Amino acid sequence: MRTVDAYNFAGKKALVRVDFNVPLDADYRITDDTRIRAAVPTIQKILDDGGAVILMSHLGRPKAGPEEKYSLRHLVGRLSQEFNTTVKFAEDCVGPEAAQLAQDLQPGEILLLENLRFHKAEEKGDTEFARELSTLGDVYVNDAFGTAHREHASTAVIARYFPNDKVMGYVMHAELDNARRVMDNAERPYTAIMGGAKISDKILIIEKLMDRVDNLLIGGGMSYTFVKADGGQIGSSLVEEDKVELASRLIAMAREKGVNLMIPVDSIIADEFSNDANVDTALSHHIKPLWMGLDIGPNAREMYADVIRNSKTILWNGPMGVFEMSNFSVGTEAVAEAVVDATRRGAYSLIGGGDSAAAVNQLGYADRVSYVSTGGGALLEYMEGKTLPGVAAIERDDY
């Protein structure tokens, strides 16, 4: 893989695609700077070489042009503090001002461009937009793994304008390294923990894992589709009716392949989807009418933790319950603690982005697991065996 380590940035202006899609509060303050901190080593390497850095990113999902709440201007202070310099800011990512600021940029300086998605051309993968962005720098660095599965102008198309000067940043390289480790070099016993709301989001990865894992632990809203497929009564729990047959097939597939597929034996149930609801515990196969499962129960927590603690490789993607509500976060917390415990004992643990990464960060466990991915969707697609345009654009000359 072509990485920043193989490139000397002295006297060069590096156009760096980062993933600064960070959460902001109502006053536009950053509430989680994990993605910014992740990009620091790549940016620092360019600066240390004697290069200048032009940062481009998206933030949120603006509907039609500029929106104040999605402006990258709100990140300038945090970046200036991080690099102990005044980070320059372009009011647009293309156009005369951006071009002039890029042209005047000196070695050791940093320029942040305004949100790429203020232009519809970004998500459309528009070649003219990509070409205009490319004129700002001498070398292209992609360090945005979280968007590597998108064929957008700044994540894939732009690379064709840098045939001999395109490399991956440290984040991208580490993400691919860690994903390959759990896919190709996993030490056994290997346990995958799959949570989240919908089985439809995880079908391909579950099927792929069936040939690799020893244990597959199911949690979150998707578990009730499995419970129903297994003949259970799930009350008014979340269920994808059109996926019940698929869940049944996955249960049979696990049996056939000798995979220990575990569905939570019990659940924390509520009479409405609210943290203030009445709460009870029930066997997952016997949830009373009008009640819904919103977290794995105490017995399931204990059983899952036991399997996790005895594993040598752990992949975790998706929470065990409605983690954002305190009454239904206990299952996710218990799994996180078990993963930390297993890691301390020598297991390798990969937290697969998204809500599970948020949970680990929120609980303060990020530095007590092996690796926390910055890209949920990109990681899943990579592990499903799909080509990631952002990766292929760097690795292949013909992309």
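**Where the domains meet**

Modeller: Between domain 1 and domain 2 there is one residue pair in polar contact, with both residues at pLDDT 80 or more. Polar contact here is a pair of N or O atoms within 3.5 Å; within protein, one must be able to donate a hydrogen and the other to accept it, and residues adjacent in sequence count only if both atoms are side-chain atoms. As for salt bridges (a side-chain nitrogen of Lys or Arg within 4 Å of a carboxyl oxygen of Asp or Glu), the count between the two domains is zero.

Keep in mind that this is a predicted model: local features need pLDDT of at least 70, side-chain atom pairs count only at pLDDT 80 or more, and totals for chains, interfaces and linings use all residues. Residues are numbered from 1 along each chain as its sequence is written, and side-chain values use heavy atoms, with hydrogens and water left out.

So who's who? The domain assignment gives domain 1 as 4-172 and domain 2 as 186-384; such bounds come from an automatic or database assignment. Taken over C-alpha atoms, their centres are 35 Å apart. In contact terms (heavy atoms within 4.5 Å), 10 residues of domain 1 meet nine of domain 2.

Together the domains bury about 700 Å², and 59% of that is on carbon and sulfur atoms. Buried area is the accessible area (1.4 Å probe) that two parts lose on being put together, summed over both. On the domain 1 side, Phe145, His149 and Val171 supply 61% of the area buried against domain 2, more than any other three residues. Helix H1 (residues 34-49) gives the most to that side, with three residues; helices (H or I) are DSSP runs of at least four residues, numbered from the N terminus.

Now the nonpolar core, meaning buried Ala, Val, Leu, Ile, Met, Phe, Trp, Tyr and Cys joined through side-chain atoms within 4.5 Å. "Buried" is under 20% relative accessible area, with a 1.4 Å probe and protein chains only. The largest core has 76 residues, and Leu113, Leu216 and Phe226 have the most contacts inside it. Helix H9 (residues 244-257) brings the largest share, six residues.

Leu113 touches, among others, Leu15, Ile54, Phe89 and Leu136, leaving aside residues up to four places away in sequence. There's also a second, separate core of 29 residues, including Val4 and Ile36.

Key:
Buried < 20%, exposed > 50% of the residue type's maximum accessible area, 1.4 Å probe, protein only. Helix = DSSP H or I, 4+ residues; strand = E, 2+ residues; numbered from the N terminus.
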